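I opened the notebook today to look up the charged pairs and the nonpolar packing in this structure. My entries follow in the order in which I looked things up.

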Amino acid sequence: MISKSSRWSNVRGMKNSGKPFLLQPAGKDYLWGGNRLNEEFSKNMPQFPLAETWECSTHPDGQSKVASGEEKGKYLSDYIRRYPECMGTHPRTKEELPILIKLIDAKENLSVQVHPTDEYAAKKEHGALGKSELWYVLDASKDAKLMYGLSHDIEKEELRQSIQDGTLDQHLQKIPVKKDDLFFVEAGTIHAIGAGALLVEIQENSNLTYRMYDYDRIDKDGKKRTLQIEKALDVANRKASKRPVQPMRVLKYRNGCASELLTRCKYFEVHRVLINTERNRRMVSYASDGTSFRVLLCVNGCGSIHFDGEVLEFFQGDCIFVPANSIEMRIHGKATFLDVRA
């Protein structure tokens, strides 16, 4: 295979929205991040620490770009505006990308935070979307944990006081995590990703985060990061959260491929797909039905996508946008994808 650093220039596509293409992410250097995304996923990004890569995003706070084909270098948002048919006919698309996909490397604990609902965001945040999200754990240290909701009911004033006293941690439900775990975090759930977790986050297309507590950390400018306590208290679910249980997942097999549904909710649909054609001359066919775009995030392995006489190489960490009106693709290699749709 060609090297990851040079292959983007070797793909040629016609000026239409029917061919899959690689995405180039935007990077974030939040103070809690590490460098695993550069070291293990070959992101080759200048940020240090590299806390997040926004793999598929049209959000103005961090837009991904087209990284292969004749549209290379353009923002994904510009591509969608030029070819709105690429989004599909699903009501969630509305000619706009409804999702945002991230890779997150938590070397240290993230802030304790909460996200608003769509209804609250529409009223208080100038019509923005709220933020419900899915976490898929790629790796976790032996003692890695997530903070997921409250361990008991609490009154608003008691919650406010615990933030001021630095005792909020005593009220949080702590969940050990391991590789391949799955968590759906509904808007309003108080939460935090703990140190040692490496994960994929699939969310609504929003960047609304209300920080409740940040361990009194100092940023690179020598200042404490801003908290949004009153908004957080407005939207936080103060009832005890049910302890999350890993859902039943059933792999469905076909020649060279296995897949399982991870989640189907009002915001997005996510499947895990395992490709293995190393000993099989027949490639796996992959095509859209026109209903929705698809985003394929390679979380393990490598391979190639073949379409219309062209070949697109992919490696671990690569993100591929497949238009809703995509031509038929065939995939060869040994890899695991997350397949995200509206």
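**Salt bridges**

I began with a search of the whole structure, which is a predicted model, and it returned 30 salt bridges.

I then looked up D308 and K19, whose side chains meet in a salt bridge with an N to O distance of 3.3 Å. This pair links distant parts of the chain, since D308 sits in the loop between β18 and β19 (310-315) and K19 in the segment before β1, 289 residues apart. I noted that D308 counts as exposed because its relative accessibility is 52%, whereas K19, at 8%, counts as buried.

Next I turned to R217 and E108, which form a salt bridge through their side chains at 3.7 Å, N to O. R217 belongs to the loop between β13 (210-213) and α5 (229-235) and E108 to the loop between β5 and β6 (112-114), so this pair ties together parts 109 residues apart in sequence. R217 has a relative accessibility of 13% and therefore counts as buried, while E108, with a relative accessible area of 37%, is partly exposed.

I recorded R294 as buried because its relative accessibility is 11%, and D339 as buried because its value is 0%. I also noted a network in which salt bridges that share partners join E52, K102, K131, E133 and E201.

Staying with strand β18 (residues 294-307), I looked up L296, which lies in it. Is L296 buried or exposed? With a relative accessibility of 0%, L296 counts as buried. Leaving out residues up to four places away in sequence, I found that L296 touches Y286, D318, C319, I320, V322, F337, L338 and D339. I also checked L296 against I218, 78 residues away along the chain, and their C-alpha atoms are separated by 37 Å.

**The largest nonpolar core**

Which members of the largest nonpolar core touch the most other members? In this core of 39 residues, they are V200 and F321. Among the elements that give two or more residues to the core I listed β12 (197-204), β18, β20 (319-322) and β21 (329-341). For V200, setting aside neighbours within four places in sequence, I noted contacts that include I101, L103, L134, W135, L297, V299 and L338.

Technical notes:
Residues are numbered from 1 along each chain as its sequence is written. This is a predicted model: local features need pLDDT of at least 70, side-chain atom pairs count only at pLDDT 80 or more; totals for chains, interfaces and linings use all residues. Side-chain values use heavy atoms; hydrogens and water are left out. Helices (H or I, at least four residues) and strands (E, at least two) are DSSP runs, numbered from the N terminus. Buried means under 20% relative accessible area, exposed over 50%, partly exposed in between (1.4 Å probe, protein chains only). Contact means heavy atoms within 4.5 Å. A nonpolar core is a set of buried Ala, Val, Leu, Ile, Met, Phe, Trp, Tyr and Cys residues joined through side-chain atoms within 4.5 Å. A salt bridge is a side-chain nitrogen of Lys or Arg within 4 Å of a carboxyl oxygen of Asp or Glu.
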